[in-house]
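Subject: Structure for you to look through

Hi,

Here is the structure I promised. Please open it first, then read my notes beside it.

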Amino acid sequence: MPILRVIALRLGPFTKPIHSEARNIAATLLYYRKMATPENGKEEAPEAISPHYDIRLPKLPWHRRMQIPIIAALVFSVIRTVGPTLRFETVGGAQFQAFWAAKKPSIWAFWHRVILPITWYARNRGIVVMNTTAFDGQWTRKVIEWLGFGTAQGSSSRGGLRGLQVMAKRIEEGFDCAFTIDGPRGPRYVAKVGPVLLARMTGVPIQVFHVGVERGKTIQKTWDQFLLPGLFTRAVIVVEKPIYVPQNADPEMIKAKHEEMQKALERVRDIAEGWYAMSEEERNRYRAEFGP
């Protein structure tokens, strides 16, 4: 992966992971029972699902399995190095705080580009993130679980529905859920429908946002135009108003809500990416519109 090669070259010294913050998500085991089969007339044995869903690795060559902890340690070290230096401002962030204070879950949706700064900002809240079952998902899962997230294994092409079922259960238990909405491999800035389906299943709102930084590096060779914030830089999180999806939504309504989410994601991206090029007067207008 180009981003990992770039990080390894530029930030190679920071490779020792810190695990102390990470293992604090309290959750119970879930069990899914398969239907009885005509062949034996019996219900099959329950399939154990951990708090982080399916902990079994896919069949990978030994050299790929060896890479998983190394890549995870490197990426985790980068986040642990950069994250504490970021100075966040939230525009519309009072919505997050209100939901957290009321202990009401919501569904987060954001572009893959800003995964590093938002992972640091939202750490240790037990937020459940959809991630792929492929190789990339294995090291990603280690990183985000070390940072206090849960995971639901699935993707747009494989296991996605099952991942949504796990996320729905987590929402029922009071946890937030999150999607890197154009992940895991793009196309960039094209929103997938998963959050809309989950919102319809659960009745909780979708919150879309984007992160902009005053100084940072865009890794051009990556599919998502990965954002690596500079050390000790300012960052702004722009949060749009919640999107609600009726639980009786028909296909036309789902399509309309999907389009609404896409437009909201594009708007907050444009605002956040241009935040530090705006005049203070322009920024104050958006602060008044979105709230603190």
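**Two helices in contact**

Start with helix α2 and helix α5. R64, Q67, I68, P69, I71, A72, A73, V75, F76 and I79 in α2 meet F135, Q138, W139, K142, V143 and W146 in α5. By class, this contact of α2 with α5 holds twelve nonpolar, two polar and two charged residues.

Keep in mind that this is a predicted model.

How do the two helices lie? Helix α2 covers residues 62–82 and helix α5 covers residues 135–146. They pack at an angle of about 40 degrees, and their axes are 8 Å apart. That angle makes α2 oblique to α5. The crossing of α2 past α5 is right-handed.

Now take α2 by itself. Helix α2 has 21 residues. From its first C-alpha to its last it reaches 31 Å, close to the 30 Å expected at 1.5 Å a residue. Which residues of α2 are buried? They are I68, I71, A72, A73, L74, V75, F76, S77, V78, I79 and V82. Compare that list with the contact to α5. I68, for one, is buried and is also among the α2 residues that meet α5.

An α-helix has 3.6 residues a turn, so residues three or four places apart point the same way.

**The whole chain**

Step back for a moment. The protein chain has nine helices and eleven strands. It has 292 residues, and buried residues make up 50% of them. Next, look at contacts between residues at least 6 apart in sequence. Of these, 74% join residues at least 24 apart.

Helix α8 runs over residues 251–273 and has 23 residues. It reaches 33 Å from its first C-alpha to its last, close to the 33 Å expected at 1.5 Å a residue. Its buried residues are I254, K257, M261, Q262, A264, L265, V268, R269, I271 and A272. Note that K257 and R269 are on that list.

What do the buried residues of α8 pack against? They pack against β4 (107–110), α7 (194–202), β8 (206–213), β11 (234–239) and α9 (280–290).

Look at α7 next. The axes of α7 and α8 come within 9 Å and cross at roughly 125 degrees. The two helices are therefore oblique to each other. Their crossing is right-handed. P195, V196, L197 and R200 in α7 meet I254, K257, H258 and M261 in α8. By class, that contact has five nonpolar, one polar and two charged residues.

Begin with T85. It is found in the loop between α2 and β3 (87–91). Is T85 buried or exposed? T85 is buried, with a relative accessible area of 11%. The cut-off for buried is under 20%. T85 and G230 are 145 residues apart in sequence, yet 8.7 Å apart in space, C-alpha to C-alpha. Set aside its neighbours within four places in sequence, and T85 is in contact with G230, L231, F232 and T233.

Q95 lies in helix α3. It counts as buried, at 15% relative accessibility. Leaving aside its neighbours within four places in sequence, Q95 is in contact with Q207, V239, E240, K241 and P242.

E145 takes you back to helix α5. At 17% relative accessibility, E145 counts as buried. E145 and N124 are 21 residues apart in sequence and 8.9 Å apart in space, C-alpha to C-alpha.

So where is N124? N124 is found in the loop between α4 (115–121) and β5 (128–131). It counts as partly exposed, at 29% relative accessibility. N124 has a positive phi of about 60 degrees although it is not a glycine.

K103 has a positive phi too, of about 55 degrees, and is not a glycine. Its place is in the loop between α3 (94–101) and β4. At 73% relative accessibility, K103 counts as exposed.

Best wishes

Terms used
Residues numbered from 1 in each chain as written. Predicted model: local features only at pLDDT ≥ 70, side-chain atom pairs only at ≥ 80, totals over all residues. Heavy atoms only, no water. Axes fitted to C-alpha atoms, helices over the stretch in contact; angles between N-to-C directions. Helix = DSSP H or I, 4+ residues; strand = E, 2+ residues; numbered from the N terminus. Parallel < 35°, antiparallel > 145°, perpendicular 65-115°, else oblique. Left-handed = near helix turned anticlockwise from the far one by under 90°. Contact = heavy atoms within 4.5 Å. Nonpolar A, V, L, I, M, F, W, Y, C, P; charged D, E, K, R; others polar. Expected span 1.5 Å × (residues − 1). Buried < 20%, exposed > 50% of the residue type's maximum accessible area, 1.4 Å probe, protein only.
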